[in-house]
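Welcome to a short tour for the viewer.

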Amino acid sequence: MIEIRDISKSYGSSVVVDNVTAALPKGGITSIIGPNGAGKSTLLSMIARLMPMDRGTVLVDGLDIARTSGDVLAKRLSILRQDNHMTARLTVRDLVAFGRYPYNKGRPTPQDQDHINQALAYLGLEEFAERFLDELSGGQRQRAFVAMVLCQDTDYMLFDEPLNNLDIRHAVSMMKLLRNAARDFGKTVVVVLHDVNFASCYSDHIIVMRDGKLFLQGKPREIIRPETLEDIYGCPFEVHDLGGDLISVYYG
Amino acid sequence: MQREASRSSGTVLLVIGVIAVASMVAFMTLGARGSWSFILPFRGVKLFSLVLVAYAIAVSTVLFQTITNNRILTPSIMGFDWLYMLLQTILVFTLGAATTSAIEPRLLFVIEVAAMTGFSLVLYRFLFSGSVRELHLLILIGVVFGTLFRSLAGLLQRLIDPNEFVVLQDRLFASFNTVDSNLLVISTVLIGLTSVAAFKIFHTLDVMALGRETAVSLGVDHRRITMIVLALVTVLVSISTALVGPVTFFGLLVANLAYILMPTAKHRHVLPAAVLVAIICLVGGQTILERLFAFDTALSIVIEFAGGLFFILYLLRGAHR
């Protein structure tokens, strides 16, 4: 379980995350949704220790992230941000191999090779394994990064808007993949999402942020309601039950 | 495929290694008139210092580019060399030439390197801790820093007593042709120490090159490694500046040539390649200019010219993305 206790972050006078306390349950997919500027990405970055918080603590399975050493946390929690520009010219296999760094410190073992090959296969990247990242399309590159995160084999995997730059087919397969990773390997996946319908169809748990505060949290059925969504986003919503999935329509 | 990549890295390293050795042999033997017992030690010292400088500049630039995660910034572009020159000037200015000359030069050098490391950590730490992301802003800050340090040094040099200025100028007037060979032993020791320290964090360097966020996610203590590398870079820059004076674009040139030559971005391939390319440029260039064209002082100009062109091309091509 990830316990977030009273964390806050401000830039100058603007408060981005305001005293948020929440518990992200172990297992399944937890989505963080909310309007632009609600502090979703900032919250995720603080949980993943990419950004220092002004106040509060985050515990990952009882380990305080501010006091636990980087190597220990890197075996429990991983994060993938949206824009992963890099200067080094790497092949997909090289990139995925970095996922094993917390375990091997740069000295790959045969087991690491198995992990790498599994991750490549899981994302259907075998044929691109020896290609350089800058030769791939945006979607393929995104998948390569996800493969690296899978290869890191942590209990908690955090993704900041993993569906950005993906077309519908790849977005759906990405969410299915995350759901399968959660089911097959018992991982806990936390994703920041913009698309309410993806959150509704794939999440086990939804956290809603608004104005830097934790606005609501609960099962998709409790969150995906017209009144609630109108409250969150400030525009009219309709919600339809289509074959068991709650689909919201908000195109006016 | 992976094996192929490392094999071809090996081939490239072998080829540039041979060229580097050839240029060193040429430097030692070409146009030798007179007794070998004089020529060999005379040229040997010069060769050794050129190799030291090549090593210091190449390694410092590649490491610096790794922690700043781009391929355009170099310590010299960020004004490190001029900071060293400024510190030297301040030293002579405050202590006086007599006192400075009285101190054992090697001890003085160590003190200068230590002061330089402290200053640069204070000055540059915040720039590379991830708070400034805009590359052009960083370059601008570097240029402003460089100009500031240079102007401050110039101001102090004008205020200084003329006799002391002569002493100072003597200390600052290093070039590829008149390497300050007093400092060779201590420079070698310092370079050895920094290399050992670099070797200890060697495995994190490839991860650092992935960028701060990925590195942190993979469990690297990014702040700590950045500080260590910055300190190592400062020591190496101090050494090369003390030996041959500031060279702005040489590091940029050799580091980027190494990235282009090597098929992988792994540090265990790129670092040796950069050192070898630097040796070829410095030693080979010096040999060609001295022996073939009988020019005496132009190497730094030629290198700076080529490096400067490369810098502009690189900026225009937008390769920093």
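In which sense do β6(A) and strand β7 (residues 156–160) of chain A pair, and over how many bridges? Select both strands: β6(A) and β7(A) pair in the parallel sense over four bridges. Two strands are called paired if DSSP finds at least two bridges between them, and helices (H or I, at least four residues) and strands (E, at least two) are DSSP runs, numbered from the N terminus. For a closer look, show I79(A), which stands opposite L158(A) in β7(A).

Before moving on, please note that this is a predicted model, in which local features need pLDDT of at least 70 and side-chain atom pairs count only at pLDDT 80 or more, while totals for chains, interfaces and linings use all residues. Residues are numbered from 1 along each chain as its sequence is written, chains are lettered from A and ligands numbered from 1 in the order in which they are written, and side-chain values use heavy atoms, with hydrogens and water left out.

**First stop: the six-stranded sheet**

Now widen the selection to the whole sheet. This open sheet of chain A has six strands in the order β6-β7-β8-β3-β9-β10, with mixed pairing. At its edges you will find β6 (77–80) and β10 (213–218) of chain A, each with a single partner strand, so one side of each has no neighbour in the sheet. On average, neighbouring strands here are turned by 15° against each other, direction ignored.

**Second stop: the four-stranded sheet**

Still in chain A, pick out the open sheet with the order β2-β1-β4-β5, whose four strands pair antiparallel. Strand β1 (residues 2–11) of chain A and strand β4 (residues 55–60) of chain A are joined by five bridges, and I4(A) stands opposite V58(A) in β4(A). Follow β4(A) into strand β5 (residues 63–64) of chain A, an antiparallel partner joined to β4(A) by two bridges. Two residues lie between the strands of this hairpin, where D61(A) takes a positive phi near 50°. Then show helix α1 (residues 40–47) of chain A, which lies across β1, β2 and β4 of chain A at about 120° to β1(A).

**Last stop: where the chains meet**

Colour by chain and turn to the interface. Here 24 residues of chain B are in contact (heavy atoms within 4.5 Å) with 29 residues of chain A. About 2200 Å² is buried between chain B and chain A, 56% of it from carbon and sulfur atoms; buried area is the accessible area (1.4 Å probe) that two parts lose on being put together, summed over both. Select L210(B), S217(B) and L218(B), which supply 26% of the area that chain B buries against chain A, more than any other three residues.

Finally, which side chains meet in a salt bridge at 3.6 Å, N to O? They are those of D94(A) and K266(B); a salt bridge has a side-chain nitrogen of Lys or Arg within 4 Å of a carboxyl oxygen of Asp or Glu. The count between chain B and chain A is two salt bridges.

Terms used: Axes fitted to C-alpha atoms, helices over the stretch in contact; angles between N-to-C directions.
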